[in-house]
Amino acid sequence: MILVADPFSMAPQKALESIGKTLSVQYERPVIKFSWIPLWKRMECWIDPFSMAPQKALESIGKTLSVQYERWQPRARYKVQLDPTVEEVKKLCSTCRKYAKTERVLFHYNGHGVPKPTASGEIWLFNKSYTQYIPLPISDLDSWLKTPSIYVFDCSAAGMIVNAFTELHDPSGLTRDCILLAACESHETLPQRAEFPADVFTSCLTTPIKMALRWLFELGCYSSGRGMSSPCCIWCLFPILIIV
C-alpha cells in the first residue's frame, strides 16, 4: 500500500495513475512518481500478481508457497492463511501444535504490504472487518505454537522480532527449541530492486538455485558486460550450484 488505497483494489492501470497523481500533488517534482511504480509490481513466489484477478493472485501465491515447501518436506501437512486475523492465527497455531505433538512446527510470515514489526517485536495482522492492522506480540505467538518450532519472518526489520524473542526467554535461563530465520536485521529493509521478487528471502529458502541464478545474472557478470563466456562467470556459477 503506497500513499493511496490498496492498489489491488482497482485495475492496475488505474492504480498506477492514482499513485502517480497522488505523488505529483505531494511533491514539487513530478518525476518522483516514477520511482515507486516498479516496487509494488514485483513478483511474489515468482508469480506476477497483476497477471490475474486480485483474489486469484493471493490464492495462487499462497498455494505456490505451500508447494515450494512440499518439495523440501513432502510428508508434512501445510495450511495457508491468507490475510488472517489474530483469532485465525491463534486457532491455526493451536491446531498445528495439537496434531504435531512433539514434532517441529513451521510458521512462515510474509509481511509484505503491512507495517514493519514494532520495537517490541509485534507483527501485524488484520481485524475481522479488514479495516485496520492489529499487532500480534511474539510472546503470544510463542505461547500458541510452543516448541519445537521454526519461524520464518520475511519482512523488513525482521531482526526486531528476533531481538524481542531473545529478550523474552533470556531472563528465564531455559533453552528453547526454536529456530528463527529473519530476512534482515532490525534496522534494515528488504531489497527494493524490481528485477527480483519481493520475497527474495523466501525465494532463497524455497527455490535457492533459481534465486541464485537470477541474482548472478542481474548483479553478477552480466552487469559488468563480460558475458557468460567470461572465466569469472564459470567460477561464480560453480560454487553457487554446489552450495545450494
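Start at the hairpin of β2 and β3: select the 6 residues between the strands and pick out Y130, whose phi is positive, near 60°. Y130 sits in the loop between β2 and β3, and it is a residue other than glycine. For background, most residues other than glycine have a negative phi, and most peptide bonds are trans. At 44% relative accessibility, Y130 counts as partly exposed. On that scale, buried is under 20% relative accessible area, exposed is over 50% and partly exposed is in between, using a 1.4 Å probe and protein chains only.

A word on what you have open: this is a predicted model, where local features need pLDDT of at least 70, side-chain atom pairs count only at pLDDT 80 or more, and totals for chains, interfaces and linings use all residues. Residues are numbered from 1 along each chain as its sequence is written, and side-chain values use heavy atoms, with hydrogens and water left out.

Now select 123-126 and 133-136. These are β2 and β3, which run antiparallel and are joined by 4 bridges. Two strands count as paired if DSSP finds at least two bridges between them. The strand and helix labels are DSSP runs numbered from the N terminus: E of at least two residues for strands, H or I of at least four for helices. Show the side chain of W124 and look across to β3, where P135 stands opposite.

**The sheet**

Zoom out a bit. An open sheet is built from 3 strands in the order β1-β4-β5, with parallel pairing. Colour β1 (105-110) and β5 (178-182): they stand at the edges with a single partner strand each, so one side of each has no neighbour in the sheet. From one strand to the next, the twist averages 10°. Such angles run from 0 to 180 degrees between N-to-C directions, with axes fitted as lines to C-alpha atoms (for helices, over the stretch in contact).

Next, select 149-154, which is β4; 6 bridges join this strand to β1, and the two run parallel. For a landmark, click H108 and find V152 opposite, in β4.

Select 159-169. This is α5, which lies across β4 and β5 and runs at about 155° to β5.

What does each helix bring to the contact? From α4 come I138, S139 and D142, and they meet I161, A164, F165, L168 and H169 in α5. Contact here means heavy atoms within 4.5 Å. By type, the residues of this contact divide into 5 nonpolar, 2 polar and 1 charged. (Nonpolar covers Ala, Val, Leu, Ile, Met, Phe, Trp, Tyr, Cys and Pro; charged covers Asp, Glu, Lys and Arg; the others, Gly among them, are polar.)

Jump to R176, in the loop between α5 and β5. Which residues does R176 touch, not counting those up to four places away in sequence? They are D142, K146, T147 and H169. R176 is partly exposed, with a relative accessible area of 30%. Draw a C-alpha distance from R176 to S149: they are 27 residues apart along the chain and separated by 9.2 Å.

While you have T147 on screen, check the bond to P148: that peptide is cis, with omega about -5°. P148 belongs to the loop between α4 and β4.

**Two more stops**

Select K101, in the loop between α3 (86-100) and β1. K101 is not a glycine, yet its phi is positive, about 55°. Is K101 buried or exposed? K101 is exposed, at a relative accessible area of 62%.

Last, go to L92 in helix α3. Leaving aside neighbours within four places in sequence, L92 is in contact with K79 and Q81.

**The whole chain**

Finish with everything shown: the chain has 8 helices and 5 strands. Of its 244 residues, 36% are buried.
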